[in-house]
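Dear colleague,

Please find below the structure that I am handing over to you. My notes on its disulfides follow.

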Amino acid sequence: QGRLVESGGGSVQVGGSLRLSCAASGYSASRFCMGWFRQAPGKEREGVAVIDSDGSTTYVDSVKGRFTISKDNAKNTLYLQMNRLKDEDAAMYYCAAGVEPGDCRGWDYMDYWGTGTLVTISS
């Protein structure tokens, strides 16, 4: 029974930093595509970053140079380091996993989802 549990959300000022964590259980994160998605009120969910089993990463253009996705295989945990945060980064952030080979080829192949952690931005 796979499970994804996010943590680390909170309130941060514009220009600040935050690190999100996603603890995976029931399967090995090292073997699958893992990613972060976000959804702001009134907007569609969008992919933020994914990391494949070989460590290769993909980012949405709006966060390149500011966000870093990584994983600790020993801890079976996924991370998202967010720096130089902007107002438009405020959203519910979700951890996701794609368990089939090749699921990191795009944003639309994730199979399992966490329940989210909220990030808010203040001025």
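A disulfide is here a pair of cysteine sulfur atoms within 2.5 Å. Please note that the model is a predicted one. By this rule, the structure contains two disulfides.

The link between Cys-33 and Cys-104 has its sulfur atoms 2.0 Å apart. The torsion about its S-S bond is 85°, and the link is right-handed. This pair connects distant parts of the chain: Cys-33 belongs to strand β4 (residues 33–39), while Cys-104 sits in the loop between β9 and β10 (112–113), 71 residues apart. As to accessibility, residues under 20% relative accessible area are taken as buried. Cys-33 has a relative accessibility of 2% and therefore counts as buried. Cys-104, at 14%, also counts as buried.

The other disulfide joins Cys-22 to Cys-95, with an S to S distance of 2.0 Å. The torsion about the S-S bond of Cys-22 and Cys-95 is about -75°, so this disulfide is left-handed. Cys-22 is found in strand β3 (residues 18–25) and Cys-95 in strand β9 (residues 91–98), so the pair ties together parts that are 73 residues apart in sequence. Both Cys-22 and Cys-95 are buried.

When the bonded cysteines are counted along the chain, the disulfides of the protein chain follow the pattern 1-3, 2-4.

With kind regards

Notes
Residues are numbered from 1 along each chain as its sequence is written. This is a predicted model: local features need pLDDT of at least 70, side-chain atom pairs count only at pLDDT 80 or more; totals for chains, interfaces and linings use all residues. Side-chain values use heavy atoms; hydrogens and water are left out. Helices (H or I, at least four residues) and strands (E, at least two) are DSSP runs, numbered from the N terminus. Buried means under 20% relative accessible area, exposed over 50%, partly exposed in between (1.4 Å probe, protein chains only).
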